[in-house]
Amino acid sequence: LNKSGIKKHNMSPDLAYTLIASLSIFFMGILVYFHDRLSVTNRLFFLMSLATVFWSLANYFSLNPQSSNLLVWIRLVLFFAAPHVVLFLLFIYNFPNERLVIRRPLFLMMVTVLVATMTATISPFVFSGINIIQGQAIPVAGPIMPLFALVILGSLVFGLILIVKKYKEAKNIERTQWKYMLIGVSL
């Protein structure tokens, strides 16, 4: 309580770090988007930054034992992880083009898989519940957790393979861009 008798709420350092990182990522996404709003690559980067912000916040609250509805927060971590990695893959596939270069059937398949994965993550089929073990909330994997893992790992691995392939094929400034992209993603 402060001198007026009002309860003070101190922001935890973890929440402050999460907010600083999330707002920085969001600011970068806005800068890229407004640099060229018509560029599909810039739009994908903005959407990826937005998914990262939501994923970060859900991750923070899922790790906070005082959070109410802990299972909901844990499911939301996966819910936002799915668009994060699929948008990453689409971004890598499309970079540095201003127009969408992916074939329509492949794009529609990726969006369908993304929507199905996101829907599954908020159902009991990916995480069916929580076990509390020594004060820790441990999610219980549901029957289709392997589908989620396949989508996430597949998107990340294919994205990394694309970066390496595009780096090897690129020349001049584009090669430098891919080098920094590879370093950034690796870190």
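## Close-up views of a predicted model

**Figure 1. The whole chain at a glance.** Six helices and two strands make up the chain. Please keep in mind that this is a predicted model. Starting at the N terminus, the order of the elements is α-α-α-α-β-β-α-α. Along the principal axes, the C-alpha atoms fill a box of roughly 65 × 45 × 25 Å. Of the 187 residues in the chain, 35% are buried. If we take the contacts between residues at least 6 apart in sequence, 56% of them join residues at least 24 apart.

Figure 2. How many aromatic pairs does the count give? It comes to 10 aromatic pairs. One of them is formed by Phe45 and Phe91, whose rings are tilted, with 5.6 Å from centre to centre and 55 degrees between the planes. Phe45 belongs to helix H2 (residues 40-62) and Phe91 to helix H3 (residues 70-94), so this pair ties together parts of the chain that are 46 residues apart in sequence. Are these two residues buried or exposed? Both Phe45 and Phe91 are buried.

Figure 3. Which parts of the chain does the pair link? Phe95 sits in the loop between H3 and helix H4 (104-121), while Trp178 is in helix H6 (residues 172-186). These are distant parts of the chain, as the two residues are 83 residues apart. Phe95 and Trp178 are both buried.

**Figure 4. A cluster of aromatic rings.** This view brings together four residues: Phe26, Tyr33, Phe34 and Phe46. Ring pairs link them into a cluster.

**Figure 5. Lysines over tyrosine rings.** Two views belong here, each with a lysine and a tyrosine to look for. In one, the charged end of Lys166 sits over the ring of Tyr93, at 6.0 Å from the ring centre. In the other, Lys179 places its charged end over the ring of Tyr180, and the distance to the centre of that ring is 5.4 Å.

**Figure 6. The surface and the charges of the chain.** To finish, step back to the chain as a whole. The chain carries 15 positive and 5 negative charges. How far apart are the mean positions of the positive and negative charges? They are 7 Å apart.

Methods
Residues are numbered from 1 along each chain as its sequence is written. This is a predicted model: local features need pLDDT of at least 70, side-chain atom pairs count only at pLDDT 80 or more; totals for chains, interfaces and linings use all residues. Side-chain values use heavy atoms; hydrogens and water are left out. Rings of Phe, Tyr and Trp (its six-membered ring) pair if their centres lie within 6.5 Å; planes under 30 degrees apart count as stacked, over 60 as edge-to-face and the rest as tilted. Helices (H or I, at least four residues) and strands (E, at least two) are DSSP runs, numbered from the N terminus. Buried means under 20% relative accessible area, exposed over 50%, partly exposed in between (1.4 Å probe, protein chains only). A charge sits over a ring if NZ of Lys or CZ of Arg is within 6 Å of the ring centre and within 35 degrees of the ring normal. Contact means heavy atoms within 4.5 Å. Lys and Arg count as positive and Asp and Glu as negative; His and the chain ends are not counted. The place of a charge is taken as NZ of Lys, CZ of Arg, CG of Asp or CD of Glu.
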